[in-house]
Amino acid sequence: MAISVPAPRPVAVFGRGSVLARLARRPTGLAGLVIVLGLALVAVAAPLVAPYDHAAQDIANRLQGPSQSHVLGTDHLGRDLLSRIIFGARVELGVAVPAVTAALVLGLLLGVTAGYLGGKADNAVIVVMDSIQAFPPVILALTVLALLGPSLRNVLLVIAITFSPQYARVARASVLALKQNPFVEAERAFGASSPRILAVHVLPNIMAPLFILLAMNIPSAIAVEAGLSFLGVGVQPPTPSWGVILSEGFERVRDAPWPIISTGGALILTTLGFTMLGETLRDVVDPRLRAVRAGPRPRA
Amino acid sequence: MSDVLVDVRGLRTWFFGRRWWFERFLEREVGAVRAIDGVDLEIRRGETLGLVGESGSGKTTLGKVILRLAPVTEGEIIFDGSDITGLRGAGLRRLRSRMQMIFQDPHSSLSPRLRIAYLLMEPYRINDVPREERYTVDELLEMVELSSELASKYPHELSGGQARRVGIARALALRPEFLVADEPTAGLDVSAGAKILNLMRDLQARLQLTYLVITHNLSIVDYVADRLAVMYLGKLFEVGPTDRVLDAPAHPYTHALLSAVSEPDPRLRRGRARLLPPGEIPSPRNPPPGCRFHTRCAFAEERSRIEVPALEEIEPGHLVACHFWPKVRTELADSAARARGYR
Amino acid sequence: MTAAAEESRLLEVEGLEVVYHTDEQPLPALYDVTFSVRPSEIVGVVGESGCGKSTLSAALMGLLPPNGEVTAGRIAYRTEDVLHLRPENFRRLRGSELAMIFQDPLSSLNPTFSIGAQMRDVLRAHGGRGDRHRIASILERVGIPDAQARLGDYPHQFSGGMRQRIMIAMALMLEPALIIADEVTSALDVTLEAQILELLRELRDERGTAVLFISHDLGVVAQVCDRVVVMYAGRAVEEADVYALFERPLHPYTEALLAAVPSHTRRGEQLASIPGRVPSLSALPPGCKFVDRCAYAQPVNREREPRWLELDGRKVRCNMYDPESGYEGVRSADGSPARA
């Protein structure tokens with residue numbers, strides 16, 4: 001008797017009893033949601049929210065601590081830190097979100113191919129994924145950027161490549177499990193072709209864990225970008241990437257710690273927000289927990 | 001038009017598992033799971049054939065192989081006169097509309113993220129069936145006695161019995177002639193199961209269907225099948241009209257199955273134990289030589305280990321593969337009668 | 001009921017009520033369930049899905065999920081009330097006096113430990129020593145050949161039938177007086193099922209082990225039980241000696257259930273299935289829960305929930321046998337019309 005992995009039940013995203021509602025009911029979920037949405041809003045509406053132009057210099061007031069006019073202080077060129085951080089959020093999300101999404105798409109394609117086709121294709125994909133994951137990401141990033149030159153686009157590329165194996169693995173594992181399920185066989189019995197089965201029946205059922213991974217990966221991607229910019233091989237100044245702000249502030253940290261503190265704080269908050277969101281999402285979507293709450297299934 | 005709809009000849013299906021490329025050259029057969037190991041079977045138009053066996057017997061695989069959902073290692077399958085063993089592509093797709101399967105687990109054979117209405121129309125979409133030739137969603141639901149309000153629901157919102165009916169409706173969408181039903185009442189309560197069996201009977205009469213019912217449950221087969229085939233470790237042990245096979249079984253394994261069935265009648269308890277074969281079913285990777293049942297059979301002799309018994313006809317339409325069938329029949333006749341509730 | 005007779009009962013369940021708390025509304029899973037098990041007795045609890053038998057077995061072992069609550073009634077093991085027992089005391093009971101075996105042995109056995117180790121753990125948890133010899137002999141007794149050599153094997157190295165036997169062996173190790181067997185043969189082949197049932201009967205004969213056998217399969221219950229309790233919609237609706245129950249069921253549900261089992265005597269006819277469906281726990285009708293599907297229903301059944309009655313050694317919950325119910329044409333236990 002074959003044991004089939006129970007296929008995931010579809011859940012509504014909005015509305016009562018839905019993912020969003022359950023997420024908001026938990027404190028970590030709510031906090032995560034608020035932070036992430038707040039961040040997104042700030043990033044999108046940066047020109048409206050930021051008190052100053054992020055590039056406006058005011059040498060007279062350089063390296064000042066928090067004050068009434070500059071809530072988070074100023075940097076070595078007198079630029080308002082709060083504004084720079086706000087515009088920096090734009091840069092960070094503008095890099096991290098597309099990059100991780102690209103990683104998801106790439107990983108999904110490779111993982112589904114490997115899982116569904118098996119055999120040589122599977123082996124090939126695994127070899128490639130293992131190779132990428134074998135490199136310490138920083139080294140890989142530095143190498144690629146040294147070869148291609150430092151720029152926003154290349155940072156995006158690097159992040160997409162280094163993060164894709166995770167998605168590939170999750171996608172592959174999900175497809176392997178799902179392949180055993182009778183409904184795949186049933187569709188084949190009707191004459192469905194493999195592309196159709198993949199698109200209509202397999203793909204929708206494997207996306208959930210990938211989205212959660214996406215949420216969890218965004219802070220990592222931001223950290224990678226910040227790190228690269230800090231080292232000078234990513235986004236170049238004067239673009240206010242948080243890494244750039246950190247790098248500039250680092251040189252003068254003894255005299256004026258505020259750039260580091262403020263930017264560091266922003267990074268911590270962002271990471272916290274996304275992580276709380278991602279982890280709570282994962283708990284909420286877990287089918288085992290749902291079953292107890294919903295009560296018994298209809299009988300006969 | 002021939003009487004025989006499905007004719008299986010010399011069928012073998014062995015699953016080899018992952019082999020290194022060079023093992024293919026060496027033709028390594030050791031360790032292969034011999035799911036079907038030499039089966040000849042006929043299914044006649046309009047009948048219900050019950051295929052009975054326990055785990056590892058290969059019965060589900062046989063059903064799938066006939067529908068070309070599982071591979072053939074050796075042998076032929078003839079459907080309505082044509083050899084379908086090597087069919088592929090467009091020819092195979094045309095075939096699919098003539099034979100369908102009702103799967104064992106009602107819920108997991110329905111794609112979870114799609115609504116029932118979509119699932120019911122899938123076969124038409126896949127096969128580009130023109131609108132005039134399609135049943136509507138309501139018609140399909142009505143055929144299996146389900147209300148139209150189920151059309152907008154998801155599979156997990158349905159009960160086991162409802163999900164199974166949806167599976168039947170889907171199988172009927174392409175107007176097949178031949179249906180393979182895998183454990184039609186598994187997981188269902190007694191009354192839900194009874195309803196499914198009744199439904200299947202009605203549909204058979206209305207739509208002139210031929211059924212292959214695969215099950216380990218002898219009482220279903222007793223009720224619903226015209227003929228019966230008993231399978232063990234990839235081979236058929238006994239085939240014949242249900243009444244004859246169950247009233248006067250000629251194979252020790254059939255006797256064992258009968259005596260093991262828990263009939264809902266406590267008076268049938270006495271003296272059944274001695275017919276139970278000791279031990280468990282051997283692994284299909286390594287079936288016993290000679291007669292496959294000899295390791296557990298009370299009648300086994302030296303010959304059983306060496307010679308594979310062939311299916312021979314002992315009365316019209318009733319075949320058995322046993323070296324000692326006359327002895328088996330006479331010695332166990334009494335208990336067979338008791339097993340079926342004759343006092 | 002004399003004190004002595006009461007003492008002799010291993011398990012006594014009285015007026016048990018269990019409710020599940022869900023996001024929407026509380027679901028009444030069990031209501032007024034009463035029965036007992038004596039030593040050396042095999043009592044069957046039979047019912048279709050949704051009847052409450054899984055809730056019952058969970059409640060008996062103290063294994064209700066977090067949202068389940070016992071709202072009324074009493075469960076007593078040898079007159080010791082287990083509902084109000086402290087967890088550590090209940091743990092002492094569980095395993096040594098009371099043991100449970102489940103349907104799917106693959107998920108009930110830890111795949112990362114050998115069976116010898118798991119059995120030894122059970123022994124040790126109850127203060128015994130991990131005696132290899134004792135473990136091996138119990139395994140042999142349940143029919144695992146070559147047990148001594150296989151102590152180091154892992155669950156996945158055994159077949160399904162063997163794993164079920166290992167579970168039984170684990171349950172037996174501490175020589176419990178009562179085993180609760182919950183759907184233990186449902187996943188097994190017919191010949192294996194017959195072997196396991198035979199094993200249970202032998203254990204009862206040899207050691208006086210009582211069994212509470214929970215199943216949806218009437219056939220299995222008929223083969224192995226001495227007494228049977230039939231459940232429907234969270235209530236016990238009939239209790240009788242097994243022969244009496246199958247010979248002449250009193251409750252209309254039992255009667256309908258027996259008629260719905262396929263057998264050769266009904267080939268060619270429609271199988272008598274029970275019209276309608278089991279009522280959902282969230283929408284139970286007032287009065288008798290079987291009223292919408294009952295061939296003998298009368299209007300009074302819609303209002304009045306039948307009482308649990310005792311007649312001539314049999315028990316039934318049905319207005320048709322209750323002179324006080326207002327049912328027209330009340331019957332007595334042998335089916336004949338009752339005397340006024």
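Predicted model: local features only at pLDDT ≥ 70, side-chain atom pairs only at ≥ 80, totals over all residues.
Chain B holds 12 helices and 12 strands. Its radius of gyration of 21 Å is close to the 20 Å that the globule rule gives for 343 residues, so chain B is as compact as a globular protein of that length. Chain C contains 13 helices and 12 strands, and its radius of gyration is 21 Å, close to the 20 Å given by the globule rule for 340 residues, so chain C too is as compact as a globular protein of its length. Further values for the two chains are set out below.

| Chain | C-alpha extent along the principal axes | Buried residues | Share of contacts (residues at least 6 apart in sequence) that join residues at least 24 apart |
|---|---|---|---|
| B | roughly 65 × 60 × 40 Å | 51% of 343 residues | 68% |
| C | about 65 × 50 × 45 Å | 45% of 340 residues | 61% |

**The contact between chains C and B**

Where the two chains meet, 34 residues of chain C are in contact with 30 residues of chain B. On the side of chain C that touches chain B, the elements giving two or more residues are the helices α9 (190-207), α10 (218-224), α11 (242-247) and α12 (252-259) of chain C, and the largest share, six residues, comes from α9(C). Sorted by class, this side of chain C has 15 nonpolar, 12 polar and seven charged residues.

**A sheet in chain B**

Chain B includes an open sheet of four strands, arranged in the order β2-β1-β4-β5 with antiparallel pairing. The edges are taken by β2 (33-44) and β5 (82-83) of chain B, each of which has a single partner strand, so one side of each is left without a neighbour in the sheet. Within the sheet, strand β1 (residues 4-15) of chain B runs antiparallel to strand β4 (residues 74-79) of chain B, and five bridges join the two; B:Asp7 stands opposite B:Ile78 in β4(B).

**A buried lysine in chain C**

C:Lys53 lies in helix α2 (residues 53-60) of chain C. This lysine has 23 C-beta neighbours inside 10 Å and therefore counts as buried. Apart from its neighbours within four places in sequence, C:Lys53 is in contact with C:Val45, C:Gly47, C:Ile214 and C:Met231.

**A helix crossing in chain A**

In chain A, the axes of helix α2 (residues 27-44) and helix α4 (residues 81-117) come within 8 Å and cross at roughly 105 degrees, which means that α2(A) is roughly perpendicular to α4(A). At this crossing, A:Leu39, A:Ala40, A:Val42 and A:Ala43 in α2(A) meet A:Ile86, A:Ala89, A:Arg90 and A:Leu93 in α4(A). By class, the residues of the contact of α2(A) with α4(A) divide into seven nonpolar, no polar and one charged.

How values were computed: Residues numbered from 1 in each chain as written. Chains lettered and ligands numbered in written order. Pairing = 2+ DSSP bridges. Buried ≥ 20, exposed ≤ 12 C-beta atoms within 10 Å, placed from the backbone. Contact = placed C-beta atoms within 7 Å. Rg over C-alpha atoms; globule rule 2.2 N^0.38 Å. Nonpolar A, V, L, I, M, F, W, Y, C, P; charged D, E, K, R; others polar. Axes fitted to C-alpha atoms, helices over the stretch in contact; angles between N-to-C directions. Parallel < 35°, antiparallel > 145°, perpendicular 65-115°, else oblique.
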